[in-house]
Amino acid sequence: MKRGSPISEEKCKAFTIKSTNVSYIKPQNILPVDNSNFNTSMVSKPVIFKWTSVVPNPNEQVTYQLKVWKIASGQTPTQVINQSQPLVIKDIINVSQTIVTNLIDPSCLTPSTCQFVWQVQAMGLNGKTYGTNNGKSDFTVFKTGTENNNTTNTTACGTISTKTFAIGD
């Protein structure tokens, strides 16, 4: 055999490299925004909840479980999540938003105020969770009964353009 000559015939075959250790990014809450206020005109409307999907997208169905708690006076959000039953538990399959109606009761209207905390958990089949913290998003707090201008617009886009446009742009 000459130096530099092939040992055998060249053969090609398709193959796949599968990673068995995928690192997923847990969902992140988008709406309602943390520490946002719902004024009197907003509390009678359904509340829109939005979050990011798990990344990368798993190769199976993902159930996002939304939980919403009402925070009692003197409680912290962490205490409520760990010690209380949620007002809402809703399973949403493969979608990263939902609407909850009749969440805010009349006792939360001005001059009273109410605080709520919400969280989403991403789960696959057989209870598998995706991402750190058992697939649970960081919690987000919102409140009602305030009449200031720091309100949440549940239909707005989170991007603001800083460019001045002229005809022809």
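**Aromatic pairs and an exposed serine**

Phe38, Phe49, Phe116, Trp118 and Phe142 form one aromatic cluster. The model is predicted, so local features need pLDDT of at least 70 and side-chain atom pairs count only at pLDDT 80 or more, while totals for chains, interfaces and linings use all residues. Residues are numbered from 1 along each chain as its sequence is written, and side-chain values use heavy atoms, with hydrogens and water left out.

A pair of aromatic rings is described by the distance of the centres and the angle of the planes. Rings of Phe, Tyr and Trp (its six-membered ring) pair if their centres lie within 6.5 Å; planes under 30 degrees apart are stacked, over 60 edge-to-face, and the rest tilted. Searching the whole structure gives 6 aromatic pairs. One of them joins Phe38 and Phe142, a tilted pair with 5.1 Å from centre to centre and 50° between the planes. Phe38 belongs to strand β2 (residues 36-38) and Phe142 to strand β8 (residues 140-144), so this pair ties together parts 104 residues apart in sequence. Strands (E, at least two residues) are DSSP runs, numbered from the N terminus. Phe38 and Phe142 are both buried, where buried means under 20% relative accessible area, exposed over 50%, and partly exposed in between (1.4 Å probe, protein chains only).

Phe49 and Trp118 make an edge-to-face pair, 5.1 Å centre to centre with 70° between the planes. Phe49 sits in strand β3 (residues 47-51) and Trp118 in strand β7 (residues 114-123), 69 residues apart. Both residues, Phe49 and Trp118, are buried.

Ser23 is placed in the segment before β1 (29-31). With 62% relative accessibility, Ser23 counts as exposed. Leaving aside neighbours within four places in sequence, Ser23 is in contact with Val55 and Pro56; contact means heavy atoms within 4.5 Å.

Technical notes. Helix = DSSP H or I, 4+ residues; strand = E, 2+ residues; numbered from the N terminus.
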